[in-house]
Amino acid sequence: MLEFQNVSYNVSEDNSEKEIIKNINVKIDGRFTAITGPNGGGKSTMAKLIAGIIKPTSGRILFDGEDITDMSITDRARKGISYGFQQPVRFKGLTVNDLITMAAGRKIDITEACSYLSEVGLCAKDYIGREVNASLSGGELKRIEIAMVIARGTALSVFDEPEAGIDLWSFKSLIKVFENMYKKQGGSIVIITHQERILEIADRILVLNNGAIEKYGTREEIFPGLMKGDIACSALTKACDID
Amino acid sequence: MDEIQRQLIREIAGLHEVPQGAYNFRVNGQLDGRAVTENINIVTKEDKPGIDIIIKPGTKNESVHIPVVLSQTGLKESVYNDFFIGEDCDVTIVAGCGIHNGGDKASEHSGIHSFFVGKNSRVKYIEKHYGEGDGNGERIMNPTTHVELSEGAYLEMETVQIKGIDSTKRTTSAVINDNATFIVKEKIMTHGKQEASTDFSVELNGEGSSTDVISRSVAKDDSKQTFYARISGNNKCSGHSECDAIIMDRAVVRAIPELTAADVDASLIHEAAIGKIAGEQLIKLMTLGLTEQEAEDQIIKGFLK
Ligand SMILES: Nc1ncnc2c1ncn2[C@@H]1O[C@H](COP(=O)(O)OP(=O)(O)OP(=O)(O)O)[C@@H](O)[C@H]1O
Ligand SMILES: [Mg+2]
């Protein structure tokens with residue numbers, strides 16, 4: 001459903017080109033794919049390429065067989081791509097309800113808006129009217145970001161480290177959120193994560209290291225090796241400790 | 001009142017019918033309806049255009065609406081409205097001015113409002129300015145507000161100018177006595193070649209007095225805005241002013257704070273932030289399926305809400 005064909009992404013830094021994504025070829029066609037790998041490996045860059053926030057230096061990106069390489073962020077969103085940011089954005093003045101409504105893309109009543117918040121473990125009545133400004137905590141913001149993706153309910157949902165900043169107690173229910181999405185919504189889920197517990201429930205795992213795909217396969221094929229301590233893995237557990 | 005005038009009233013005062021409580025409608029320089037209540041009296045001034053609004057001590061949960069509309073091109077007026085609010089009141093005052101200028105001559109309204117607020121009274125003052133009409137005549141509004149707060153009084157002023165005023169100079173001065181509080185929430189949007197200048201001076205004279213002057217504005221196209229905020233702390237007091245502006249296109253925004261502390265226990269703060277809409281905000285809303293223009297509109301709407 002999502003395909004990268006010879007995709008590279010370079011940035012220029014002090015007169016030299018830096019390769020951030022190196023000629024990636026991959027088909028992401030599972031219903032639940034986890035992308036993992038060390039910090040700086042290129043995961044968020046890959047997500048931004050999918051959402052259209054950045055354009056590849058070369059190569060093509062296909063979504064359901066259609067070439068979306070030159071398509072705008074808006075058009076991709078309307079085609080069914082959602083992206084929950086690693087670092088959610090704050091807005092002065094816009095409320096949680098405003099954002100959830102925009103995400104749903106239609107007029108929704110308060111009950112429906114609240115249901116998305118409850119799903120991510122926020123007491124809806126405390127949050128629905130709040131401004132998405134600096135007064136929200138990092139974890140609250142992260143949950144609202146996830147709720148927006150759920151409210152969109154699109155064919156493809158990409159989450160960038162949804163677990164970051166979510167406390168240990170809520171983490172269990174976060175896993176349920178994705179399990180529910182998997183069961184209820186027909187679409188595919190891509191989660192960028194450093195968390196073992198999320199990797200455990202993925203159908204397929206992709207390991208991105210230094211801008212290239214180091215491993216890609218079913219959970220059964222990839223997961224045991226990750227836990228044993230390959231190169232990516234040492235970085236992975238380190239990242240987990242930081243979290 | 002004709003349909004245009006009724007529409008202006010709806011814009012500035014949110015009124016669909018004659019309001020509850022006291023009111024005074026001024027249409028094209030003439031009195032167009034008035035009601036007084038047992039506690040709130042409205043009297044036409046003898047020496048100059050305008051009215052005195054007298055609110056009896058202890059008046060609670062009552063409101064006064066005093067909208068002004070101009071639909072005749074070329075009309076220029078200065079109107080003096082004085083509010084005398086007794087002790088221990090809790091009232092809402094809704095003012096505002098709407099101009100419809102369909103002609104070529106400038107229409108101009110200068111409202112000079114003075115508030116004398118008695119001890120321990122709470123006042124909410126809402127003022128909305130709005131202009132429309134397809135004529136070339138300018139729509140000009142120069143509101144002047146003067147506030148005097150007695151001991152323990154509280155006045156919150158909400159002032160909004162979102163659309164259609166070509167030129168505005170708004171001057172607000174306040175004298176704050178012991179334990180009294182003066183809050184201002186200003187919202188302004190300018191576009192085209194509009195100019196808006198706001199000038200606040202607050203004298204914190206009383207012990208325990210405080211003020212919070214907050215301005216949020218959006219400047220589009222070739223418009224220009226200036227924001228002066230002067231706060232003097234002459235006693236143990238606290239003052240805060242904040243100018244938060246979104247700038248777009250070729251607009252110009254200036255924020256000029258002036259804090260004067262004349263007492264060691266005066267604590268005064270000014271914050272100003274002027275900048276364009278953050279790129280990441282636009283991108284976030286676009287990933288929800290909004291176009292760039294729709295995203296911009298939503299961000300501004302939220303910002304000025
Ligand atoms: N615009 C840019 N200019 C320079 N370097 C960049 C730019 N964008 C990304 N990079 C670099 O590319 C690499 C990949 O970044 P990316 O954010 O994709 O990593 P990541 O895998 O998501 O890491 P993390 O696990 O820390 O979130 C990093 O080394 C980063 O510093
Ligand atoms: Mg990342």
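The largest share of the shell around ligand 1 comes from helix 1 of chain A, which contributes three residues. In this predicted model, local features require pLDDT of at least 70 and side-chain atom pairs count only at pLDDT 80 or more, whereas totals for chains, interfaces and linings use all residues; side-chain values use heavy atoms, with hydrogens and water left out. Residues are numbered from 1 along each chain as its sequence is written, while chains are lettered from A and ligands numbered from 1 in the order in which they are written.

The shell around ligand 1 consists of 15 residues, the closest being Asn39(A), Gly40(A), Lys43(A), Ser44(A) and Thr45(A); a residue is near a molecule or strand if one of its heavy atoms lies within 4 Å of it. At least two shell residues each are supplied by strand 1 (2-13), strand 2 (16-28) and helix 1 (43-51) of chain A. Helices (H or I, at least four residues) and strands (E, at least two) are DSSP runs, numbered from the N terminus. By residue class, the shell holds three nonpolar, eight polar and four charged residues. In this scheme Ala, Val, Leu, Ile, Met, Phe, Trp, Tyr, Cys and Pro count as nonpolar, Asp, Glu, Lys and Arg as charged, and the others, Gly among them, as polar.

Several side chains approach oxygen atoms of ligand 1. A polar side-chain atom of Ser44(A) is 2.8 Å from such an oxygen, an N or O atom in the side chain of Asn39(A) is 2.9 Å from one, and for a polar side-chain atom of Gln86(A) the distance is 3.0 Å. Ligand 1 taken alone exposes 640 Å², of which the protein buries 65%. Accessible areas come from the Shrake-Rupley method with a 1.4 Å probe, and for residues only the protein chains shown count as cover.

Helix 1 of chain A is largely enclosed by the rest of the structure, because eight of its nine residues are buried. Buried means under 20% relative accessible area, exposed over 50%, and partly exposed in between (1.4 Å probe, protein chains only). The buried residues of this helix are Lys43(A), Ser44(A), Thr45(A), Met46(A), Ala47(A), Leu49(A), Ile50(A) and Ala51(A). Just after helix 1 of chain A, Gly52(A) takes a positive phi of about 90 degrees.

Over all chains, the structure holds 23 salt bridges, each defined as a side-chain nitrogen of Lys or Arg within 4 Å of a carboxyl oxygen of Asp or Glu. In one of them, the side chains of Asp244(B) and Lys92(A) meet at 2.5 Å, N to O. This pair joins two chains, because Asp244(B) lies in strand 19 (residues 237-247) of chain B and Lys92(A) in the loop between strand 6 (81-84) and helix 3 (96-104) of chain A. Asp244(B) is buried at 7% relative accessibility, whereas Lys92(A), at 39%, is partly exposed.

Within chain B, Lys185(B) forms a salt bridge with Glu156(B), the closest N and O atoms being 3.4 Å apart. Lys185(B) belongs to strand 15 (residues 181-190) and Glu156(B) to strand 13 (residues 154-163) of chain B, so the pair ties together parts that are 29 residues apart in sequence. Lys185(B) is partly exposed at 35% relative accessible area, while Glu156(B) is buried at 12%. Both residues belong to a network of salt bridges that also links Lys124(B) and Glu158(B).

Lys45(B) is placed in the loop between strand 3 and strand 4 (50-55) of chain B and is buried, with a relative accessible area of 12%. Its side chain meets that of Asp52(B) in a salt bridge (2.5 Å, N to O) and makes a polar contact of 2.7 Å with the side chain of Asp82(B). A polar contact is a pair of N or O atoms within 3.5 Å; within protein, one must be able to donate a hydrogen and the other to accept it, and residues adjacent in sequence count only if both atoms are side-chain atoms.

Two residues of chain B other than glycine have positive phi values. Asn61(B), with phi near 55 degrees, lies in strand 5 (residues 60-65) and is exposed at 69% relative accessible area. Asp249(B), with phi of about 50 degrees, is found in the loop between strand 19 and strand 20 (252-261) and is likewise exposed, at 52%.
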